[in-house]
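Trainee: Can we go through this structure together? I'd like to begin with the ligand and then move on to the rest of the chain.

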Amino acid sequence: MNTVPLFSPTVVIVGAGHAGGTLAGLLRQQRYDGRIVLFGDETHLPYHRPPLSKKYTGDEYVQLLRPRKFYDDNDIDVRLDKPVVRIDRHARTVTTTSGNTTAYNTLVLATGAAPRTLSIPGSDLGGVATLRTLGDAGVLRDAVLSKKPIAIVGGGYVGLEVAASARVQGCDVTVIEREHRVLSRVASTELAQAIAEFHRDRGTRIVTDAQVKGFAGYEGQVTGVQLNDGSVIPCELALVGVGAIPNDSLAREAEIDCEAGIVVDGSARTNDPDILAIGDVTYRMHDTIGRMVRLESIPSAVEQAKHAAAVITGLEVPAHEVPWFWSDQFDLKMKMAGMVAPGTTPVVRGNADADSFAVFHLDANGVPVAVETVNAAAEFMAGKKYIANRTKVDPLALADSSISLREVVL
Ligand SMILES: Cc1cc2nc3c(=O)[nH]c(=O)nc-3n(C[C@H](O)[C@H](O)[C@H](O)COP(=O)(O)OP(=O)(O)OC[C@H]3O[C@@H](n4cnc5c(N)ncnc54)[C@H](O)[C@@H]3O)c2cc1C
């Protein structure tokens with residue numbers, strides 16, 4: 001084990017999640033020899049959240065980023081179950097709930113996001129749940145393995161992933177979506193329609209254009225989701241999956257610039273030169289998209305951890321990657337890159353009925369700005385490259401999957 005002298009420069013990371021945990025490891029890989037203190041408010045070492053919605057019915061849903069030994073061997077001072085409640089920017093310290101104060105030279109905020117909840121009657125009933133942590137996944141797992149009927153409020157990626165695994169276990173599953181279609185904020189109509197069909201074919205009920213007005217209950221436990229039209233969807237577990245809000249209150253209280261999250265530049269810097277921020281909590285400048293965005297994805301959290309590590313160790317900050325994301329539902333391996341923008345033209349390649357296809361979204365110059373793929377790894381790789389290199393393609397050739405991806409380039 002390395003031993004870092006007590007008075008070495010100190011990086012304090014608040015948030016022992018994917019971004020914070022990755023940064024701590026990267027700093028040591030890049031030979032940072034100061035102190036690293038990683039504060040977490042959960043009781044677990046940093047872990048992977050994607051399995052919580054995809055693999056929660058099996059044993060492999062608990063996946064740590066690194067084993068305890070890694071932090072010990074690399075002299076990373078991990079302080080779990082220690083929420084940081086205050087930043088003093090003048091004294092350059094952070095304080096935890098127990099009143100302990102730790103000084104920093106560089107502070108990195110990696111506090112992630114929290115599930116959005118609904119302030120409607122019955123929200124406090126037992127069995128009305130959200131999904132962000134290992135504990136949340138445990139609740140879901142118990143309900144699904146005991147085959148309880150499940151209602152999922154919100155047809156986003158996480159909700160549909162939970163729905164797919166619950167159906168595989170034989171649960172009665174209803175997805176309730178406020179908009180006209182599922183994945184309305186995050187995917188194109190073409191992709192969303194195909195995915196909704198796929199779920200319906202496997203027995204999931206999908207109710208769209210539905211406004212949830214409350215939860216019905218009996219003896220403190222949820223028994224159904226009440227809709228505005230007077231109907232009630234019976235359930236014993238109601239999962240609310242209506243998005244996440246950035247955990248930026250610590251930053252706001254310290255008067256660090258925040259908008260749709262903590263505002264950072266393309267190198268993870270906030271408006272305080274000693275404070276960086278990374279991961280889901282940030283509202284970041286993204287060079288390949290050309291504007292400020294708040295991304296909630298592992299690739300983005302890891303990319304920003306690399307930016308912060310480079311800033312702290314004095315290395316060159318790596319160029320921005322095309323943002324991408326994945327989702328697994330039933331046997332569908334979905335991968336998306338870029339951002340679907342209004343005014344782009346969708347080009348479908350492959351066969352949605354055969355469960356292997358891609359939707360490319362071309363701008364007015366015929367350059368893909370986004371690609372959404374289902375069981376189509378080659379299309380994903382090619383699409384991501386076209387977006388990065390601003391490669392112009394022939395839409396007619398692209399729509400014909402007998403023409404190779406190399407030949408569609410103009
Ligand atoms: C169910 C689920 C499935 C997902 N699936 C995918 C997927 O398939 N692909 C993908 O790319 N992304 C997926 N994501 C998103 C991905 O997990 C997040 O983008 C990623 O975890 C972000 O990392 P983060 O470190 O910013 O936040 P988190 O991983 O949320 O970590 C933040 C940590 O900071 C802690 N914290 C907050 N405030 C404080 C404080 N004051 N003091 C101390 N600690 C604090 C939080 O409790 C948390 O432990 C999924 C997310 C969920 C919830």
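Trainee: Which domains does the shell around the ligand draw on?
Mentor: In this predicted model, domain 1 (10-114 + 245-313) and domain 2 (128-242) each contribute at least three residues to the shell around the ligand.

Trainee: And which residues come nearest to the ligand?
Mentor: There are 36 residues around the ligand, and G15, G17, A19, G112 and G279 come nearest.

Trainee: How does the shell divide by residue class?
Mentor: The shell around the ligand has 18 nonpolar residues, twelve polar ones and six charged ones.

Trainee: Switching topic, how many residues of domain 1 are in contact with domain 2?
Mentor: Eleven residues of domain 1 are in contact with 14 residues of domain 2, and on the domain 1 side α2 gives the most, with three residues. That side of domain 1 consists of six nonpolar, three polar and two charged residues, while the C-alpha centres of the two domains lie 30 Å apart.

Trainee: Now the packing: which residues have the most contacts inside the largest nonpolar core?
Mentor: Those are I150, I152, A238 and L239, in a core of 69 residues, to which helix α5 (residues 157-168) gives the most, with seven residues. Another core, of 44 residues, lies apart from it and includes Y32, V37, I87 and A277.

Trainee: What does I152 touch, leaving out residues up to four places away in sequence?
Mentor: On that count, I152 touches G159, V162, A163, V173, V175, I176, L239 and G241.

Terms used. Residues numbered from 1 in each chain as written. Predicted model: local features only at pLDDT ≥ 70, side-chain atom pairs only at ≥ 80, totals over all residues. Near = placed C-beta within 6 Å. Nonpolar A, V, L, I, M, F, W, Y, C, P; charged D, E, K, R; others polar. Domains from an automatic or database assignment. Core = buried A, V, L, I, M, F, W, Y, C linked by C-beta atoms within 7 Å. Buried ≥ 20, exposed ≤ 12 C-beta atoms within 10 Å, placed from the backbone. Helix = DSSP H or I, 4+ residues; strand = E, 2+ residues; numbered from the N terminus. Contact = placed C-beta atoms within 7 Å.
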